[in-house]
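Hi,

Here is the structure I promised to pass on. Have a look at it first, and my notes follow below.

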Amino acid sequence: MNVRTQMADGTYRRNSFKRNMVSAAACLLVIGTVSIPAYAGYLGLRSAITSDKVMARMQEVPEAEVQDIYNMVQYEQRSLHADQFNREYTKEEESRKEALRKEYENGRFPEGTLTLVKSAGQAVDSDQLVYARDTSCFYLPERALTDEELLQILDFNSKRDFALEQNLNVQQQRQEAWEEANDSDTLR
């Protein structure tokens, strides 16, 4: 009787349309909720090195250097060091670094390499950019950094990312994390 009454006065169709719209919105919400973590997992598996030019440069890095950088990163993780800086970037250096990051991805690379020292005690020259392995600290000169020095920092960070991505243990851990994230998404 209720359906007949609604059909007679036209409210049945109106309510039906509303129900269909609510159902469609709910489906889109569910699909979006499931696909976003899956896409994030996919991005996690993708290389942190986004530019083809940078990837080509990283593949030219000698295997011994990649292994050395990987060992350095493993030491840093065991000793719970994260990158530190003896001073903060100035606002001008920060904006130049962001502009240089784009140029770096388009193929502008440093001419030299970052100077690495074993201990912070060896970083005595305050006019030279140095990275101390024992403290994971970039010792920036008191003067403003040059474009070359900023490019060296970007290049060093890319090499570290590349060294990590090339390690089979890291690849396996990423794959397991990605699969775990997908498994938990399908259970929802």
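Before the rest, some housekeeping. This is a predicted model, with local features needing pLDDT of at least 70 and side-chain atom pairs counting only at pLDDT 80 or more, while totals for chains, interfaces and linings use all residues. Residues are numbered from 1 along each chain as its sequence is written, and side-chain values use heavy atoms, with hydrogens and water left out.

Now the overall picture. The protein chain has seven helices and four strands, in the order α-α-α-α-β-α-β-β-β-α-α along the sequence. Helices (H or I, at least four residues) and strands (E, at least two) are DSSP runs, numbered from the N terminus. Of the 188 residues in the chain, 29% are buried. The chain exposes about 12500 Å², with carbon and sulfur atoms supplying 55% of that; accessible areas come from the Shrake-Rupley method with a 1.4 Å probe, and for residues only the protein chains shown count as cover. As for contacts (heavy atoms within 4.5 Å), take those between residues at least 6 apart in sequence: 69% of them join residues at least 24 apart.

Back to Glu98. Its side chain meets that of Arg101 in a salt bridge at 3.3 Å, N to O, where a salt bridge is a side-chain nitrogen of Lys or Arg within 4 Å of a carboxyl oxygen of Asp or Glu. Both residues sit in helix H5, three residues apart, about one turn of the helix. Arg101 is partly exposed too, at 31% relative accessible area. By this rule there are 13 salt bridges.

The part I'd look at next is Asp147. Its side chain pairs with Arg96 at 2.9 Å, N to O. That links distant parts of the chain, with Arg96 in helix H5 and Asp147 in helix H6 (residues 147-166), 51 residues apart. Arg96 counts as buried because its relative accessibility is 18%, whereas Asp147 is partly exposed at 29%. Asp147 also forms a salt bridge with Arg108, with 3.9 Å between the closest N and O atoms. Arg108 lies in the loop between H5 and strand S2 (115-117), so this pair ties together parts that are 39 residues apart in sequence. A network of salt bridges links Glu92, Arg96, Glu103, Arg108 and Asp147.

Leu100 is in helix H5 (residues 91-105) and is buried, at 3% relative accessibility. Leaving out residues up to four places away in sequence, Leu100 touches Arg108, Asp147, Leu150, Leu151 and Leu154. From Leu100 to Leu151 is 51 residues in sequence but 6.9 Å in space, C-alpha to C-alpha.

Ser136 is in the loop between strand S3 (130-132) and strand S4 (137-139), and is buried, with a relative accessible area of 1%.

Tell me what you make of it!

How values were computed. Buried means under 20% relative accessible area, exposed over 50%, partly exposed in between (1.4 Å probe, protein chains only).
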